[in-house]
Amino acid sequence: MTYPVRKTPRLGVCYYPEHWPREWWRDDAQRMREMGLSQVRIGEFAWSRIEPAPGRFDWSWLDEAIEVLHDAGLSIVLCTPTATPPKWLVDSMPDMLALDAEGRPRRFGSRRHYCFSHQGYRVESQRITRAIAERYGRHPAVIAWQTDNEYGCHNTTLSWSASALRDFRLWLAKHYTDIRALNDAWGNVFWSMEYSSFEQIDLPALTVTEANPAHVLDFRRFSSAQVASFNAEQCRILRTLSPGRDITHNFMGFVTDFDHHAVAADLDVAAWDSYPLGFLEQFWFSDAEKLRYARQGHPDIAAFHHDLYRGVGRGRWWVMEQQPGPVNWARFNPAPLPGMVRLWSLEAIAHGAEVVSYFRWRQAPFAQEQMHAGLLRPDREDDVAAAEVREVAAAIAAFRPLDTSSVVGAPSPRVALIFDYLAQWVTDIQPQGAGFSALQLTFEWYSAIRQLGIDVDIVPPAAKLDGYSLILVPCLPIIDERLRQRLDAVTVPVLIGARTGSKTQHFRIPAALPPGSLQDLLPLRVTRVESLRAGLIESGDGFNVRLWFEHLETDLPAEWTLSDGRGVLYRRKNLRYLAGVLDESGLRRLMTTLAAEAGLPVERLPEGVRLRRLGSLRFAFNYNSHSVSIRDVLPRSADCLMGSAELGPAAVAVWR
Ligand code: GAL
């Protein structure tokens with residue numbers, strides 16, 4: 001895909017005027033400007049102050065806050081406050097609360113306590129959206145809207161409420177029409193699970209052992225569609241009452257509970273919230289990686305999401321919340337290495353972000369997030385990140401030519417990495433081996449190719465594949481017929497990973513066995529699969545297979561075999577099938593081979609260093625806590641705009 005790069009990147013901040021005395025606002029706004037910030041996000045949790053009682057609006061404070069920010073020359077991203085319905089609203093319809101899988105209400109007292117399926121709350125969400133958009137939709141300072149806040153955060157995509165049950169049954173009736181079709185599709189004969197009407201169907205929870213995976217998958221599809229339609233309702237109102245403004249939503253890191261492409265179909269820009277240290281601590285990374293990168297984040301965490309959300313936003317994306325210091329929500333919350341906030345910010349820009357906005361302006365000395373750093377300390381003095389933000393602002397000014405000819409028409413990445421939210425639901429529902437995750441596998445392939453200095457687009461299965469030199473399909477259990485046709489048509493190297501094509505739409509094994517319809521492209525059949533516990537590995541020449549291994553029937557010769565002769569990698573013309581999960585060095589070796597075949601230049605990068613091209617600019621990022629040399633990469637004649645071939649800890653180099 002060719003993604004346009006539009007304007008000079010902007011810096012922003014998340015601000016909560018309702019948290020601070022009015023007398024501080026003007027000073028805050030001036031200091032924001034002085035720090036090099038030009039936009040402010042406000043309002044996403046302010047419902048109880050905007051509408052303190054049903055139908056009684058208090059606009060005075062928000063009017064004033066918006067004027068103060070506007071007077072200081074700041075643009076405003078205004079939010080709909082629907083992530084925090086106030087107490088009076090919840091009390092007026094207590095069944096609007098989401099229920100957890102055990103049927104317990106997710107009570108008032110924090111946030112995101114609503115159920116996406118509650119019709120009364122849908123009406124309220126539209127009412128408050130309309131009220132705010134009517135008041136500020138045409139205000140000259142308001143340049144964009146954020147809908148709600150972090151859909152899905154705190155496991156809130158799924159709700160087991162009565163409203164969800166009612167809507168799920170309607171959804172099923174619409175999709176299957178006839179209950180016999182549903183019984184047949186789900187295979188309900190298996191344990192006498194057959195239904196005689198849609199009204200008999202429950203939400204899949206509290207079953208004695210696992211629920212039917214086809215039932216769960218449809219519940220996931222339904223729940224995802226509820227998020228998309230909730231968002232679409234707000235977008236429709238905002239478009240009418242606030243013409244010409246961008247609409248965005250702040251998505252999250254490693255959250256896959258709903259189809260982000262479906263939600264983004266109604267947005268102009270995708271945004272995401274980047275907390276590299278929290279994500280490293282909370283996700284699958286090894287203890288060694290957690291230690292090594294404790295103050296930097298794994299070098300691919302932020303970049304993976306930048307490249308993912310560029311696809312979600314069809315080329316337009318922001319970082320809405322950038323970690324500025326220690327957060328409060330991970331198991332351990334170290335401080336970033338000096339320079340890391342600067343590095344993360346510049347890296348986002350190098351991947352094409354239009355905006356990098358920091359969370360939050362000032363650390364709050366009260367309530368849940370009092371241990372979360374901001375750009376300022378609670379005592380109003382600058383915190384550590386403030387100086388780094390000033391440096392980023394200065395750097396953007398130095399790259400000025402970035403906004404015009406040097407970037408527009410820049411060659412886009414030549415590797416397409418295909419990821420589908422549906423794939424993650426399938427491996428979530430039936431991992432078959434503990435820890436098997438389509439998302440993690442996609443991340444591992446991403447990391448392997450990025451370690452070679454190659455730029456990547458992460459794209460959905462529906463993306464056009466023309467123009468790419470290499471196509472990677474780590475794990476798509478349910479393969480769309482149109483994607484199969486597109487893979488058939490391309491002539492560049494394609495790598496398809498294990499479990500791809502292994503399920504039908506209804507979570508069954510395909511009649512012809514996996515990889516299903518892909519057998520037209522690759523004549524091989526998966527006859528048995530096995531999952532392997534940590535330490536149980538199958539070895540070949542220079543690689544190990546871990547976690548997952550498939551036994552195949554095929555007349556194709558194996559390109560890579562285990563030491564006992566069983567095949568792991570098969571090839572027919574430009575297409576390859578990988579019948580297992582490779583260890584890190586095996587994966588790197590395979591990506592090196594593919595890159596060479598695809599004609600992609602491979603760089604010899606020191607460990608922990610990543611590169612990224614943006615138009616005529618090249619960026620290098622050192623994620624190590626020690627210095628490294630990139631002499632091998634940086635051309636002698638390079639005109640360095642920043643840094644040098646000797647990269648200190650957390651340092652960035654930029655050259656043309
Ligand atoms: C985000 C959220 C913010 C704040 C932040 C703390 O997930 O959108 O409101 O809670 O985390 O890191």
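Reply: A charge sits over a ring if NZ of Lys or CZ of Arg is within 6 Å of the ring centre and within 35 degrees of the ring normal. Here R589 lies over the face of W560, 4.6 Å from the ring centre. Likewise, R362 is placed over the face of W20, at 4.4 Å from the ring centre.

Me: What do these values rest on?

Reply: The model is predicted: local features need pLDDT of at least 70 and side-chain atom pairs pLDDT 80 or more, while totals for chains, interfaces and linings use all residues. Residues are numbered from 1 along each chain as its sequence is written, and side-chain values use heavy atoms, without hydrogens and water.

Me: How many aromatic pairs does the structure hold?

Reply: Rings of Phe, Tyr and Trp (its six-membered ring) pair if their centres lie within 6.5 Å; planes under 30 degrees apart are stacked, over 60 edge-to-face, the rest tilted. The structure holds 49 such pairs.

Me: Why is the pair of Y16 and F359 classed as it is?

Reply: The ring centres of Y16 and F359 are 6.2 Å apart and the planes are at 70°, so the pair is edge-to-face. Y16 and F359 are 343 residues apart and link distant parts of the chain.

Me: Are Y16 and F359 buried or exposed?

Reply: Buried means under 20% relative accessible area, exposed over 50%, partly exposed in between (1.4 Å probe, protein chains only). Both Y16 and F359 are buried.

Key: Helix = DSSP H or I, 4+ residues; strand = E, 2+ residues; numbered from the N terminus.
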